Every structure is written in C-alpha cells, then in structure tokens.
Amino acid sequence: MRLSSYLLIPVLFTSFIAKGQVNSGLFVQDSLKLAGAGYAFTEGCSRDAEGNVFFTDQPNDKIWKYDVSSGGMTLFMDKTGRSNGTYFDKKGNLLVCADEKGAIWSVSPDGQVSILLDQFNGKQFNGPNDLWINNKGAIYFTDPYYQRDYWTRTKPDLGSQDVYYLAKGATAAVKVADGLKQPNGIVGTPDGRFLYVADIGDGKTYRYEILKNGNLASRKLIAEKGSDGMTLDERGNLYLTGGEGVNIFDSTGLALGTIKVPKGASNVCFAGKNRKLLFITAKDAVYTIPMQVSGVE
C-alpha cells in the first residue's frame, strides 16, 4: 500500500495558530510507517506490559496483536463480542467493550472471557465504546448508540448516551456524566485527578475533575473537536483522533498540530517498552510513528 505523497516530504511537526508558529518537536511527519493493512475497520488499541499493542477489527469480530520487536501481527482472539475499545488492567487482562450485547468483558492472557457488566438498571447498554481504568482498578466507559448491522435490536433500551463508572469489584455501574450527544473517546490522567471525554456527536472534548467517590465534577471544554479514541503523553498533551489524523492539544486546549494519516485515524496509543512509539488505528490499516515524548498509559 503506497502512502499519500505528503508523507514523503521530511517536515518537522509544525502548526500555525493565531498566536504564531508552534514547533513542538514531538515528531517527524515523514516517520509515519504503515504497520499493517487489509482489515475492515481497526479500533481499540492498547499497550500490554511488554509494550506490544492489541487492537480490534470490529466488523470482522477479531482482536490482533502487534509485536513491537518483530513488527509482526498475530491473531489473539476470534469471536470477541464485536469488541471496540480496549484497556489492560494491572493483572494483564484485556478489558474490552463488547458491544454485540452491550457488555464489558475481561479477557485473560489465554483468551478466557469473564463478563464484568452487561446491563444498567435492568436495561441493556447502548453499546460500550471506549474505556479507561484508573490506578485503583475502577473503570470509566462511554456508552453511545451506533446502530450495528449485526444487531437484532433497532432502538436503544436507554434514553440517553452517557458515561459510566464501575468501581473495582462492583457488579453495578453508576452514571457519572450525562448531557452529552454521543460520548466516545475517553482517557484519564495517571494521577487519577482528571478524566477527558470526547463528545463526538457534538464535536467537543471535555475535562472532568474526578472526585474521591469516583463521581465527576467541574466539566471544562478543552477542544472544539470530538474524538473516536484518545491518549495522553508525559507532558499532559492530549491526542485526539479524527478525519485528518491525530490532533494534539496541550492540557489547556492549545492546538499543537496534527499527525497526518491517510484516511484519518480512529484510535491511538503509545507502544514499546519506553512508550515512545505511537500506534495509530486508521480504518483498514494501522500505522506507527516514533515520538520525542513518552506516553503515560
């Protein structure tokens, strides 16, 4: 697969904004490399303890593993409950948003499945989409509604699209954010103080303060841009995915620039032992690009 011509021009990452030129030195655009292709729609990438990446191909109902040392791909799991977003817990289990039946699964390293959650107040979730686990082992996840061609249902059980919290060891979720059109990407800071949520339906990304009981407060608009998936680096920069590629903002919402990706990007995570390789899912393909900063997830 040939990359678009603009990827052949060695240009340092540069962005022009109202206050002038910003050159962050985060990456070199020409370093973007195709890591794999031939999928239906790639999503839900997460880094394991060794730095390898697991990602989903939801239409084909599969989870793939990308080995950062060899650059090779292996099939980790077939029949995944139509998994979308993923995240590793501290025990090495891969937690997945299995939206075929509106559930959150925990998948052990050998592929054994445990269902952590599959309903809210007796009603099926819309379709858990993306999740983040805090340092206490609690889960935050978004629950938008996207009508899937593999569903038998044609309308949601729930009347809204919200963000939920599942405390460690709990069997019932708590709604912690509402008033959103279509929440999608989600990520939290490693100190557990803040949670970022993208309302892709409204083209906005917010930051919430995380309270001691897990509830959210003090919603603040960070970017006039939604996101399918997102991640953070050690400087607190926020990486949002969309039609152009990966859009990077600092913690105040200042736009730093965009990693251009053919056909756009759906999700993103830092990979490798030192977390300095950015892994990008992008429709029928996946890409990597070396970074000058480390990720924190």
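I count a disulfide when two cysteine sulfur atoms lie within 2.5 Å. I'm working on a predicted model, where local features need pLDDT of at least 70 and side-chain atom pairs count only at pLDDT 80 or more, while totals for chains, interfaces and linings use all residues. Residues are numbered from 1 along each chain as its sequence is written, and side-chain values use heavy atoms, with hydrogens and water left out.

**Cysteines**

I looked up Cys 45: its closest cysteine sulfur is in Cys 269, 3.9 Å away, which is too far for a bond. The disulfide count comes to zero. For burial I use relative accessible area: under 20% is buried, over 50% exposed, in between partly exposed (1.4 Å probe, protein chains only). Cys 45 is buried at 6%, and Cys 269 is buried at 4%.

**Aromatic rings**

I pair rings of Phe, Tyr and Trp (its six-membered ring) if their centres lie within 6.5 Å; planes under 30 degrees apart are stacked, over 60 edge-to-face, the rest tilted. The structure holds 16 such pairs. I picked out Tyr 39 and Phe 55, which sit edge-to-face at 5.4 Å centre to centre, with 90 degrees between the planes.

Next I checked Tyr 66 and Phe 279, a tilted pair at 5.4 Å centre to centre and 40 degrees between the planes. Tyr 66 belongs to strand 6 (residues 62–66) and Phe 279 to strand 25 (residues 277–282), 213 residues apart. Ring pairs join Tyr 39, Phe 55, Trp 64, Tyr 66 and Phe 279 in a cluster.

**Salt bridges**

My rule is a side-chain nitrogen of Lys or Arg within 4 Å of a carboxyl oxygen of Asp or Glu. Searching the whole structure gave me eight salt bridges. One of them joins Asp 162 and Lys 175, with the closest N and O atoms 3.3 Å apart. I noted Asp 162 as buried at 1% relative accessibility, whereas Lys 175 is partly exposed at 34%.

I also found Lys 263 bridged to Asp 284 at 3.1 Å, N to O. Finally, I traced a network of salt bridges linking Lys 181, Asp 202, Lys 204 and Glu 224; within it, Asp 202 and Lys 204 meet at 3.5 Å, N to O.

Conventions
Helix = DSSP H or I, 4+ residues; strand = E, 2+ residues; numbered from the N terminus.
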